Amino acid sequence: MPLLKSSAPVKGSALLKSSAPLKKLALLPAGARSKWLVLVLWLLLAGVAAPLGAQLIGAQSNDITQWLPRGAESTKALETGRDHFGIGDVLPASIVYSRPGGITADDTGKAERDRAAFARYGGTPPPLSPSGDGRALLLTVPLTMQGADGFTRLVDDVKAIRHDAHADAPAGLDVQVTGPAGAAADQSAVFGGVDGPLLLTTVAVVAILLIVTYRSPVLWLVPLLTVGISSSLANAVVYLLVKHAGLVVTGQSTSVLTVLVFGAGTDYALLLIARYREELRRHEDRHEAMRSALRRTLPAVVASATTVTLGLLCLLAARMNSTRGLGPVAAIGIVVALVSITVLLPALLVILGRGLFWPFVPRPVWTGPGEPESGPWGRVGAAVARRPRPVWLASAVALAACAIGALGLHSGLSPSEAFTGKPESVTGQTVLAAHYPAGSSAPLDIYADAARAEQVTAAVHGLPGVAAVSPAQTSGDRLRIQALLSDPPGSKAAEATVEHIRTAVHDTADPGALIGGSTAQSLDVADTTTHDERLVMPLVLAVVLLVLMVLLRSLVAPVLLLASVVLSFGAALGASVLLFRALGHPHSDESLPLMGFLFLVALGVDYTIFMMTRAREETARIGHSRGVVRALAVTGGVITSAGLVLAATFAALGVLPSVGMLQLGVLVAVGVPLDTLVVRTLLVPALALDIGPRLWWPGRPGPARIPGPRSTAAASTPEPDGVR
């Protein structure tokens with residue numbers, strides 16, 4: 001039986017053509033001897049990375065400044081409070097004691113004992129504040145966050161305060177610890193799940209899908225082990241950059257890093273293993289099969305990883321500190337996943353041999369350069385080829401109809417809506433609002449010129465939404481005034497009041513005044529996120545377009561592909577809005593559109609890259625129409641599997657009790673299947689077939705060197721038109 005022995009590279013990507021040494025280096029894992037060297041080096045690397053990566057959780061910086069926009073008025077106010085009044089690193093914990101029948105003497109005694117005991121957290125707290133209805137007492141305990149471990153200590157302090165405040169409470173007395181410090185502690189608990197439920201859920205999801213995909217009792221362990229090592233190594237690299245390069249990492253960053261490495265790494269692994277299995281049917285020697293698989297998959301995988309990495313680095317242009325910090329952390333994860341999957345995984349696959357695929361062991365049986373266009377994806381391709389224009393028109397209309405739902409997106413989560421459950425900070429805020437002005441737990445801080453105290457106070461007094469104004473405090477040439485709002489912190493009504501206060505103070509009292517506090521921060525976050533969306537989204541699109549142009553050496557195809565993924569994102573967002581409402585979370589986090597756009601466009605274009613690089617390869621060999629259909633036929637299974645893995649991996653974010661992370665997981669879990677099953681399966685192939693060879697303008701795939709002898713005329717002569 002004549003077999004395909006040669007492994008000459010197919011003309012394709014310019015990303016790997018520039019350096020012969022780079023090509024040789026990329027093939028080291030497939031060498032008969034070098035594979036062992038690769039394995040030993042990676043085992044040593046994994047041994048060093050594991051203890052370092054485990055320290056990343058402790059290196060997180062979750063203090064408030066990491067979640068605020070650069071240069072915003074509320075951020076400047078926080079800095080002014082720290083520099084002039086020593087309160088920039090202080091968050092208050094509000095303890096509400098309430099009894100429906102009215103506060104008793106025993107209740108007051110309990111609250112006073114707590115007030116004296118809580119002096120150990122930084123001085124005696126202010127006197128108790130009884131409510132006007134006589135049914136509640138309010139105790140405010142200022143907690144400091146100074147030092148590198150300030151936020152960790154604050155969370156521990158809140159836990160201790162909650163324990164002591166609930167202990168020995170008289171029967172019938174309800175005690176709740178809320179306020180900014182309580183909310184910060186509850187938020188910390190959300191991202192504390194990254195090293196527990198999230199990791200376990202992600203591993204379980206990937207393992208189950210790999211078992212279903214490969215139908216092998218052992219093969220799934222190899223990519224899962226490789227991705228696990230990738231995750232540990234990525235954590236180690238990020239940790240070292242935190243310690244020695246000043247990189248800032250938040251709980252959100254580490255959560256996304258874990259999911260991204262597992263999702264993208266498994267995607268790349270599926271593509272490589274699929275091509276390796278294909279080459280094992282052409283080659284007797286598994287080393288030769290892996291070399292051929294690497295040559296053919298590296299351009300697509302490198303282009304995909306480059307697209308995602310550069311897209312993530314576009315976040316460095318954002319003003320939001322948390323958004324900007326996520327970019328390099330996630331980019332590191334993608335690069336580490338790429339290196340692991342293209343170096344360690346090939347070495348493991350070659351070392352373990354064909355038997356790894358048992359019971360479906362691939363044997364060298366093909367006598368021609370191309371595989372038959374059979375199977376379900378071949379039939380889908382043939383159906384699309386019969387009437388391409390109606391197919392892409394119907395697909396585009398269906399996606400556009402879904403995208404209309406995005407008009408119903410309501411951005412902005414109040415503190416009470418930020419959690420999937422009802423932690424104590426949320427229930428406590430409800431109790432506090434029932435007995436005091438709703439903004440009592442988080443007053444606004446107004447900093448201005450000390451000489452303008454009367455003008456500033458007069459400007460704020462009497463404004464709608466302002467419940468009370470405190471006397472001015474001065475420090476040098478600066479004054480501080482606190483304003484209690486009538487509406488809950490972070491609510492739309494409270495944010496509107498902040499805008500009115502800023503206008504009144506800036507116009508009539510002090511143009512240089514700074515209005516801060518949690519509600520002002522919420523307003524600035526919303527405004528800055530809108531700015532970042534308008535800046536970062538076009539940058540990501542430009543990066544994706546440039547990479548596609550380099551990869552496909554075309555102008556027409558990249559523009560159409562980019563339009564398809566943008567349409568897919570709109571459809572995913574619209575469908576997700578309906579799901580958010582069904583799940584009981586009609587409002588979304590301000591960062592959701594930007595984060596969702598980044599992951600769906602940068603990651604979603606992967607599947608189109610995988611298919612179109614194969615289409616270009618096949619077009620050079622058998623002509624445009626047959627090439628597109630064959631590309632869909634041979635990549636359909638692996639791309640669908642990869643999409644399901646990525647969608648399920650992001651869906652694992654739902655185990656975190658954060659509405660923002662849940663919504664991000666839902667959006668990606670909806671968008672990726674749309675991309676794989678509609679855009680890549682119907683829309684893109686139908687467009688490519690309808691446009692014809694002009695898709696590759698100004699270039700056109702020429703005849704490529706094909707591994708092995710050309711056994712058929714169809715394989716040696718490109719087909720100019722139609723599917724034969």
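Predicted model: local features only at pLDDT ≥ 70, side-chain atom pairs only at ≥ 80, totals over all residues.
Which residues of α3 are buried?

1. Overall composition. The protein contains 22 helices and 11 strands. Of its 724 residues, 57% count as buried. Among the contacts with a separation of 6 or more, 81% are between residues 24 or more positions apart.

2. Helix α3. In answer to the opening question, the buried residues of α3 are Glu73, Ser74, Thr75, Ala77, Leu78, Thr80, Gly81 and Phe85. The elements that cover them include the strands β6 (444–449), β8 (473–475), β9 (478–485) and β10 (514–516), together with the helices α16 (492–508) and α17 (518–552). The helix comprises 13 residues (73–85), which at 1.5 Å a residue should span 18 Å; the end C-alpha atoms are 17 Å apart, in agreement with that expectation. Gly86, with a positive phi near 65°, follows α3.

3. Helix α16. This helix is included in the cover of the buried residues of α3. An α-helix has 3.6 residues a turn, so residues three or four places apart point the same way.

4. The four-stranded sheet. An open sheet is formed by four strands in the order β2-β3-β1-β4, with antiparallel pairing. Its edge strands are β2 (129–130) and β4, each of which pairs on one side only. Strand β1 (residues 90–98) runs antiparallel to β4, and five bridges join the two. Within this pairing, Val96 stands opposite Gln176 of β4, and Ser94 has Thr178 of β4 as its bridge partner.

5. How many of the five residues of β4 are buried? The number is four, and the strand (residues 174–178) is accordingly described as mostly covered. Helix α14 (residues 424–435) packs on the sheet and touches β1, β3 and β4, its direction making about 110° with that of β4. Helix α4 (residues 105–117) lies across β1 and β3 (136–144) and runs at about 10° to β3.

6. Phe151 is located in helix α5 (residues 150–166). It has a relative accessible area of 13% and is therefore buried. In the loop between α5 and β4 lies Asp168, a residue other than glycine with a positive phi near 60°. Asp168 counts as exposed because its relative accessibility is 72%.

7. The contact of α19 with α21. Helix α19 (residues 592–622) packs against helix α21 (residues 659–691) at an angle of about 30°, and their axes are 9 Å apart. The crossing is right-handed. Residues making this contact include Leu592, Phe599, Tyr607 and Met611 of α19, and Leu664, Val668, Thr676 and Arg680 of α21. By type, the residues of the contact divide into 14 nonpolar, six polar and two charged.

8. Thr676. Apart from its neighbours within four places in sequence, Thr676 is in contact with Tyr607, Ile639, Gly643 and Thr681.

9. Cis peptide bonds. The peptide bond from Trp358 to Pro359 is cis, with omega near 10°. Pro359 is situated in the loop between α11 (321–352) and α12 (375–386). A cis peptide bond also links Trp697 to Pro698, with omega near 5°. Pro698 is in the loop between α21 and α22 (713–716).

10. Arg553. The loop between α17 and α18 (556–582) holds Arg553. This residue is not a glycine, yet its phi is positive, at about 50°. With a relative accessible area of 36%, Arg553 is partly exposed.

Terms used. Residues numbered from 1 in each chain as written. Heavy atoms only, no water. Buried < 20%, exposed > 50% of the residue type's maximum accessible area, 1.4 Å probe, protein only. Pairing = 2+ DSSP bridges. Axes fitted to C-alpha atoms, helices over the stretch in contact; angles between N-to-C directions. Left-handed = near helix turned anticlockwise from the far one by under 90°. Contact = heavy atoms within 4.5 Å. Nonpolar A, V, L, I, M, F, W, Y, C, P; charged D, E, K, R; others polar. Expected span 1.5 Å × (residues − 1).
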